[in-house]
Amino acid sequence: VQLQASGGGSVQTGGSLTLSCEASGRTFSRSATAWFRQAPGKEREFVARIAWSGGRTYYADSVKGRFTLSRDNGKNTMYLQMNSLKPEDTAVYYCAADTPPLLIYSELWYARGYDYWGQGTQVTVSS
C-alpha cells in the first residue's frame with residue numbers, strides 16, 4: 001500500500017480543513033487506516049482510526065467532537081474533516097495503514113503498529 005496525504009494548510013483558530021489520504025494497492029479496502037500527527041519536538045501521536053469497512057472509528061480525546069474520519073473504498077481514499085481547529089492542532093499529519101488489520105485494541109493508538117505511512121501534510125492553526 002502506498003499512501004499520499006494532502007489537504008493541509010494554514011487557517012485561523014476556529015477554522016476547518018479536510019485532509020485526504022489516497023492509497024494505491026489492492027489491499028487498501030482490507031486495511032484499517034489512521035491519522036497521526038507530530039508537532040515539532042514532540043512524539044507522533046494518534047489522531048483517529050477507521051476500520052476497513054468504515055464502520056468503526058476511534059478518536060483521540062483531544063479531537064473528539066471536532067474531527068470526523070471517513071473513507072471511500074471505491075476511491076481508495078480516507079478523509080479527515082477537521083472543524084473548530086485550535087493552535088494545538090498544529091502539526092504534520094500522517095496517514096497510516098494497518099494491513100491486514102491485526103492490531104489489538106491496546107495497540108491501535110501507537111505508531112509502531114502501523115505498516116505503511118504517507119509522507120505527511122502540514123496543518124498550521126494561528127491564534
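A charge sits over a ring if NZ of Lys or CZ of Arg is within 6 Å of the ring centre and within 35 degrees of the ring normal. Keep that rule handy for the first exercise. The model is predicted: local features need pLDDT of at least 70, side-chain atom pairs count only at pLDDT 80 or more, and totals for chains, interfaces and linings use all residues. Residues are numbered from 1 along each chain as its sequence is written, and side-chain values use heavy atoms, with hydrogens and water left out.

**Exercise 1. Find the ring under the charged end of Arg 112, then do likewise for Arg 30.**

Solution. 
- Start at Arg 112: its charged end sits over the ring of Tyr 110, 4.5 Å from the centre.
- Move to Arg 30, whose charged end lies over the ring of Trp 52, at 4.2 Å from the ring centre.

**Exercise 2. Describe the aromatic pair of Phe 36 and Tyr 114.**

Solution. 
- Recall the rule: rings of Phe, Tyr and Trp (its six-membered ring) pair if their centres lie within 6.5 Å; planes under 30 degrees apart count as stacked, over 60 as edge-to-face and the rest as tilted.
- Count first: the rule gives eight aromatic pairs.
- Phe 36 and Tyr 114 are edge-to-face, with 5.1 Å between centres and 75° between planes.
- Strands are DSSP runs (E, at least two residues), numbered from the N terminus.
- Check burial (under 20% relative accessible area is buried, over 50% exposed, partly exposed in between; 1.4 Å probe, protein chains only). Phe 36 is buried because its relative accessibility is 0%, and Tyr 114 is buried at 5%.
- Widen the view: one aromatic cluster is formed by Phe 36, Phe 46, Tyr 58, Tyr 105, Trp 109, Tyr 114 and Trp 117.

**Exercise 3. Is Thr 33 buried or exposed, and what does its side chain contact?**

Solution. 
- Locate Thr 33 in strand β4 (residues 32-38).
- Its relative accessible area is 1%, so Thr 33 is buried.
- The side chain of Thr 33 makes a polar contact with that of Arg 71 (3.1 Å). Such a contact is a pair of N or O atoms within 3.5 Å; within protein, one must be able to donate a hydrogen and the other to accept it, and residues adjacent in sequence count only if both atoms are side-chain atoms.
- Leaving aside neighbours within four places in sequence, the residues in contact with Thr 33 include Phe 28, Ile 50, Leu 69 and Met 78 (contact means heavy atoms within 4.5 Å).

Key: Helices (H or I, at least four residues) and strands (E, at least two) are DSSP runs, numbered from the N terminus.
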